[in-house]
Amino acid sequence: MEILNKLAENIEAGNAAETKNLTQKALEQGMMASEILNNGLIKGMNSIGVKFRNNEVFIPEVLVAARAMKGALEILRPLLGEGGADSKGKVVIGTVKGDLHDIGKNIVGIMLEGAGFEVIDLGTDTPVEKFVEAVKSHKPAVVGLSALLTTTMPSMKQVVEKLREENLRDAVKVIIGGAPVTQPFADEIGADGYSADATGAVDLAKALIN
Ligand code: B1M
């Protein structure tokens, strides 16, 4: 679809205003919010990710792309949230300590809301203790940890261990995700599940609470 390619190109170029316009236009053309997200916005972010890795673009370009992505996500948020009438329970979600990446975590949060979960988002660079405090105070069914850096993945293990230390481990399911995270890593740290993407995270959360 031409408009989805244009969306991906504008994310890559970091054109926030045009990205919003195109997102709106795509909706007006009758496109599904999930299609716009997956085949336009995420495609653009993935492509800038490849260029970043290959040193073809640098942090400033990635930041403006991320900003364009966030603007468009705000438009899609209420639509991705359709069908969330009856609450399925609470999910505490956050990006782990030392890690500032939040685009994927935000998408996971939005999709969970869409599926009927009440999402408590702790943001980025979340200390282990903050996750534990949130489990104590909100009593969620699920806690979701996101990490995009190999150097911050150990913090996921620390959250699981701290929950165990505080006798909270059996009270909550722990799910993890983010580009460098894998199922073997989830098994190794004793998480209840791993998902490679936001849709899978929703399925996982649903399966774990049943
Ligand atoms: Co950074 N960065 N970054 N970055 N960045 C990566 C992650 C990197 C892979 C780029 C590369 O190729 N070299 C690399 C990490 C290497 C590694 O450790 N393996 C990297 C690096 C090195 C860094 C810095 C260290 C760079 C520097 O300063 N020299 C620095 C670290 C800052 C910090 O966190 N302390 C840094 C900074 C940044 C920006 C601030 C510029 C920006 C973040 C902006 C923001 O998030 N607000 C940024 C970005 C945007 C990226 C890339 C290009 C894109 C990430 C993204 O948003 N993808 C990324 C390259 C890449 O991933 N290919 C890169 C789109 C998003 C939709 O996908 O986040 O994977 P993703 O989320 C997916 C799934 O992973 C999954 O579902 C999501 C939706 O499908 N998922 C979950 C995510 N969380 C989940 C949780 C779940 C379940 C599924 O359950 C709870």
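Helices (DSSP runs of H or I, at least four residues) and strands (DSSP runs of E, at least two) are numbered from the N terminus. The model is predicted, so local features need pLDDT of at least 70 and side-chain atom pairs count only at pLDDT 80 or more, while totals for chains, interfaces and linings use all residues. Residues are numbered from 1 along each chain as its sequence is written, and side-chain values use heavy atoms, with hydrogens and water left out.

**Figure 1. The end of helix α7.**

**Figure 2. The buried side of helix α7.** Ser-155, Met-156, Val-159, Val-160 and Leu-163 are buried in α7. They lie on the same side of the helix because they cover an arc of only 150 degrees around the axis, the arc being that of the directions from the helix axis to the C-beta atoms. Here, buried means under 20% relative accessible area, exposed means over 50%, and partly exposed lies in between (1.4 Å probe, protein chains only). The partners against which the buried residues of α7 pack are α6 (128–138), β3 (142–146), β4 (173–177) and α8 (183–189).

Figure 3. Val-160 is found in helix α7 and counts as buried, at 0% relative accessibility. Apart from neighbours within four places in sequence, Val-160 is in contact (heavy atoms within 4.5 Å) with Arg-169, Val-174, Ile-189 and Gly-190. Val-128 is 32 residues away along the chain, and its C-alpha atom is separated from that of Val-160 by 9.0 Å.

**Figure 4. Ser-146 in strand β3.** Ser-146 has its place in strand β3 and is buried, with a relative accessible area of 8%. When residues up to four places away in sequence are not counted, Ser-146 touches Gly-94, Thr-95, Val-96, Lys-105, Met-156 and Gly-177. One of these, Met-156, is also among the buried residues of α7.

**Figure 5. The setting of the close-up views.** The protein chain has nine helices and five strands. Of its 210 residues, 46% count as buried. Among contacts between residues at least 6 apart in sequence, 71% join residues at least 24 apart. The C-alpha atoms fill a box of roughly 50 × 40 × 25 Å, taken along the principal axes.
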